[in-house]
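Work through these exercises with the structure open beside you. Try each task before you read its solution.

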Amino acid sequence: MCLRRSRMLSFLEEAESGDVVSDHHHSDGEYSDNEDEEFENYDDFEVPSDFNHQDEEDEVAKFDETDVVVLTDRNFSSFVDENKYVMVEFYAPWCGHCKALAPEYAAAATELKAENVKLAKVDATEENELSETYEVQGFPTVYFFVDGEHKPYSGQRTKEAIVTWIKKKIGPGVANITTTEDAERILTSENKVVLGFLDSLVDAFLTWHILLSSCFLLSIKAIGFLLLYAPDANFLRGKGDCYMNVMDIVHERGPDSEEFAAASKLDDDVNFYQTANPNVAKMFHLETDVKRPALVLLKKEAEKVTHFDGEFKKSVIAEFVSANKLPLVTTFSRESAPQIFESPIKKQLLLFATSNDSEEVFPTFQEAAKLFKGKIIFVHVEVDNEEVGKPVADYFGVTGDAPKVLGFTGNEDTKKYFLDGEVTLEKIKAFGEAFLEDKLKPFYKSDPIPETNDGDVKIVVGNNFDDIVLDESKDVLLEIYAPWCGHCQSLEPTYNKLAKHLRAVESLVVAKMDGTTNEHPRGKADGFPTILFFPAGKKSVDPIPVDTDRTVVAFYKFLKKHASIPFKLQKPSSSPVSEDSHAEQGIETSTTDVKDEL
């Protein structure tokens, strides 16, 4: 099966299908009939061939990868065991996404050396056992290991995002800003930050006094580190009473600071800072006499400053940051896609427009976004961007060059809604309100209904799905495929042969649907091919997933077991013997021998 890294981001994978690897759950043996010796005639399902990417010329690296460690099966386990923090990228040399990530990954490796974090990579096309062990299903797959335990990296594929994400995992979620010089450096270098303006931080004078009296052996450098990163005193572990005294102070930093620190751990995309210095707060657009605790989110976007006015609690702070960290309108890109589709805000409005049209409609779309902050994510897709915009438009079924607005629910039960007519502020406002209240009728993609549909395999599209698949008088076997899917292409001759053998069974329909251009709420695929069985008289319940070997015999056995309407193959006619008729005789003779049960 051609699997996807994420259902919401599948169109990015489809645009570069080579970045998807095959399902490791199917062994080569499952793609042949060798184990069914009595049906040797059906051993025609070939193992999918590997992608022939070796002929492609790899671009010469124009960046320094010295700090990225190369891991193989021989050194992987020992390296992960010997280093507390390790990030590992599983890549393929031919993968375009991996090539784009490489310089960002190398730069992050260099910056994180000072944090004692190792970044490594594994060529998944060479290290098959490692890829299977860590269930690598697409490229790149990135994991972060802490003391040998791993979790997937969920951030953007940029140096800044990787560094921020890792620092949040290994250190304090919040850093102190005590001087205006530090504030200026942060405001200049970072694209978005959160600042908490609190009554007090850790009592630096008391900390200094304890350090001088109880920990006089610590270096000045260590003391400075503590004052800057007071919430994290892990470097003092093993120093006995000194460590305990310092941690007593750290843990007395107050409930506001505790809530703020806890909230910072819930967001991997934004750096959190705190200060008690009014001059620093003023640089972050907070009045010096504002009631504390106060909080502000700054972005280098059209909406630069967003003040927090909720209860100073972990969950409320985290919700505020999540709802406001994106721009009013996010331009769709490979980097921004995870933030859009993996956001807790599951409703999006997408504006599809060419670069020229965007100049006219974008300001209106951005103005509308202000009305739905924290409720709907507004996204701009440039449809004339061949690399990203066009695949997104194709995925959502958007055609033509005229500006279009589409609503999308990015949860498990995905739905799409089109705004009819011209894009105006009033229409977007009404559309958005109806979208939030679930009053819109969903749209499903569909190819044109075929003029003739007389083949052994019936063609299903979105608009004839009900008539064919949900016909209560028929048992229906449906393959949902993708034209680019190698496994689907390999399955086709077997599926066609099955349909040919069963064409005379009137109660049974063998059908297929292109899942990239057709949709139906009852026909959903997490990967390709997905094969579903809809029993006659039971179309109101969920279909049965066909989890069996991909052979004619295995499919036949499945259908005999699950069909609501019993059926038998017709005996072969006395026509001249051909290879296909031998095949049909093979099934019929065997079914007779076992009383019509395979």
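**Exercise 1. Is Phe 139 buried or exposed?**

Start with the source: this is a predicted model. Next, take the relative accessibility of Phe 139, which is 5%. The cut-off for buried is under 20%. Phe 139 therefore counts as buried.

**Exercise 2. Describe how the rings of Trp 94 and Phe 139 are arranged, and locate both residues in the chain**.

Step 1. A pair of aromatic rings is described by the distance of the centres and the angle of the planes.

Step 2. A search of the whole structure gives 30 aromatic pairs. For Trp 94 and Phe 139, the ring centres are 5.7 Å apart and the planes stand at 80 degrees, so this pair is edge-to-face.

Step 3. Now place the residues. Trp 94 lies in the loop between strand 3 (85–91) and helix 3 (96–111). Phe 139 lies in the loop between helix 4 (128–133) and strand 5 (141–146). They are 45 residues apart, and the pair links distant parts of the chain.

**Exercise 3. Work out the strand order of the open sheet of five strands**.

Step 1. Strands of a sheet pair through backbone hydrogen bonds, either parallel or antiparallel.

Step 2. The order is 12-14-13-15-16, and the pairing is mixed.

Step 3. Strand 12 (329–331) and strand 16 (415–418) are the edge strands, since each pairs on one side only. From one strand to the next, the twist averages 25 degrees.

Step 4. Zoom in on one pair. Strand 13 (residues 347–353) and strand 15 run antiparallel and are joined by six bridges. Phe 352 stands opposite Lys 404 in strand 15.

**Exercise 4. Describe the hairpin of strand 5 and strand 6**.

Step 1. The strands run antiparallel, and four bridges join strand 5 to strand 6 (residues 149–152). Tyr 143 stands opposite Pro 152 in strand 6.

Step 2. Two residues lie between the strands. In the turn, Asp 147 has a positive phi of about 55 degrees.

**Exercise 5. Which residues of helix 12 are buried, and what do they pack against?**

Step 1. In helix 12 (residues 314–324), the buried residues are Ile 317, Ala 318, Phe 320, Val 321, Ser 322 and Asn 324.

Step 2. Their partners include helix 10 (255–264), strand 8 (192–197) and strand 9 (271–275).

**Exercise 6. Where is the pLDDT below 50?**

Step 1. Take the whole chain. Its mean pLDDT is 81, and 76% of its residues reach 70 or more.

Step 2. Residues 203–241 have pLDDT below 50. Residues 577–598 stay under 50 too.

Key
Residues numbered from 1 in each chain as written. Predicted model: local features only at pLDDT ≥ 70, side-chain atom pairs only at ≥ 80, totals over all residues. Heavy atoms only, no water. Buried < 20%, exposed > 50% of the residue type's maximum accessible area, 1.4 Å probe, protein only. Contact = heavy atoms within 4.5 Å. Phe/Tyr/Trp six-rings, centres within 6.5 Å; stacked < 30°, edge-to-face > 60°. pLDDT = per-residue confidence, 0-100. Pairing = 2+ DSSP bridges. Axes fitted to C-alpha atoms, helices over the stretch in contact; angles between N-to-C directions.
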